[in-house]
Amino acid sequence: MRNIALRLSYDGSAYHGWQVQKNEISVAETLETALTKICGHPVKTVGCGRTDAGVHALRYCANFRTDCRIPIDRFPLAVNSRLPGDISVSDAVEAPEDFNAIGSCLKKEYIYRILNSAVPDPFLQKRACFYPQRLDLSLMQQAARAFEGTHDFRAVRSLGTETKTTVRTVYWCRAEKEGDLITVSICADGFLYNMCRAMVGTMVYASYGKLLPEEIPQLLEIGDRRLTGPTMPPQGLYLNRIWYDGAVGEMMEK
């Protein structure tokens, strides 16, 4: 049985997240339907993370097992012929037997885009968070740095998926601006439910004085979700990069 890892990207606007849902269309269900048709048997994928409804992926990894003999270099073309235009498979590789897209992941980077302008852009309506109130980039950058390091991040997560621990290591958290577009980049060894969007919401609060950047370490220690910033809308969030060892890692870095 082959273990195949795929690199893909998708616009999440039309989907109820990655995970298969009972009554809603998802990215995983759409991909599995396409793979089932080309492999000739039911396919179940394992994704590298559970992106929420409306969230996008510039790079995403999923693996599945099959005994079909399609050459590995033909998989992207074969799958894309069965996928809608808002999901695209760009590469495939034979993965080790024990590879698992979520369990083998070393770290991930999400980015969050904010259109900080008085005028909305119709072309970014589903791909950035429109925020007309002027944000202070310097204060956002100070708040971003306060999240870096190993902390208990329960203060910036929504209740949902249970985890063994809410401690995570954030390798970097940065805010940059080009024109009216602010991009926040967050890289960590793992993320809690809505963690990125709540971190950005806390940075936004710090930008106009609802809390101070230097208060963030104490807020993380207290661990009360009510004391930190709001969960930002999903359309601004993108899974940007994923790191693995070996051949899958090389594929994801192409």
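In the predicted model, arginine 174 stands opposite serine 185 of strand β9. Serine 185 is also the residue of β9 that forms the bridge partner of isoleucine 111.

Strand β9 comprises residues 181-188, and seven of its eight residues are buried, so the strand is largely enclosed by the rest of the structure. Its pairing with strand β5 (residues 107-115) is antiparallel and extends over eight bridges. Strand β8 (residues 167-178) is likewise joined to β9 by eight bridges, and these two strands run antiparallel. The hairpin formed by β8 and β9 has two residues between the strands, and glycine 179 in this hairpin adopts a positive phi near 65°. Strand β8 is additionally connected to strand β7 (residues 149-152) through four bridges, again in an antiparallel arrangement. In that pairing, aspartate 152 is placed opposite valine 167 of β8.

The loop between β7 and β8 contains lysine 164. With a relative accessible area of 91%, lysine 164 is exposed. The C-alpha atom of lysine 164 is separated by 20 Å from that of glycine 47, a residue 117 positions away along the chain.

The largest nonpolar core has 79 residues, of which Leu8, Leu31, Phe75, Ile114, Val184, Tyr244 and Val248 touch the most other members. The greatest contribution to this core comes from helix α4 (residues 195-207), which supplies eight residues. When residues up to four places away in sequence are set aside, isoleucine 114 touches Cys129, Tyr131, Leu135, Met140, Asp180, Leu181, Ile182, Val200, Val204 and Met232.

Val248 also belongs to helix α6 (residues 246-253), where it is buried together with Gly249, Met251 and Met252. Viewed down the axis of α6, the buried residues fall within an arc of 160°, so they line one face of the helix. The packing partners of these buried residues are strands β1 (2-10), β3 (56-66), β4 (87-94) and β10 (237-243).

Strand β1 also holds asparagine 3. The relative accessibility of asparagine 3 is 2%, and the residue therefore counts as buried, the threshold being under 20%. A polar atom of the asparagine 3 side chain lies 3.1 Å from the backbone oxygen of phenylalanine 99. Phenylalanine 99 is also among the residues that asparagine 3 touches, the others being Asn63, Phe64, Arg65, Val93, Glu94, Ala95, Pro96 and Glu97, with residues up to four places away in sequence not counted.

Aromatic pairs number seven in the model. In one of them, the ring centres of tyrosine 110 and phenylalanine 191 are 5.0 Å apart and the ring planes stand at 85°, so the pair is edge-to-face. Tyrosine 110 is located in strand β5 and phenylalanine 191 in the loop between β9 and α4, so the pair ties together parts that are 81 residues apart in sequence. Tyrosine 110 is buried, at a relative accessible area of 10%. Phenylalanine 191 is buried as well, with a value of 18%. Elsewhere, one aromatic cluster is formed by Tyr10, Trp18 and Tyr60.

The loop between β9 and α4 also contains asparagine 194. This asparagine is buried, its relative accessible area being 13%. The phi of asparagine 194 is near 65°, a positive value in a residue other than glycine. Most residues other than glycine have a negative phi.

Methods:
Residues numbered from 1 in each chain as written. Predicted model: local features only at pLDDT ≥ 70, side-chain atom pairs only at ≥ 80, totals over all residues. Heavy atoms only, no water. Core = buried A, V, L, I, M, F, W, Y, C linked by side-chain atoms within 4.5 Å. Buried < 20%, exposed > 50% of the residue type's maximum accessible area, 1.4 Å probe, protein only. Contact = heavy atoms within 4.5 Å. Arc of directions from axis to C-beta. Pairing = 2+ DSSP bridges. Polar contact = N/O pair within 3.5 Å; in protein donor to acceptor, adjacent residues only side chain to side chain. Phe/Tyr/Trp six-rings, centres within 6.5 Å; stacked < 30°, edge-to-face > 60°.
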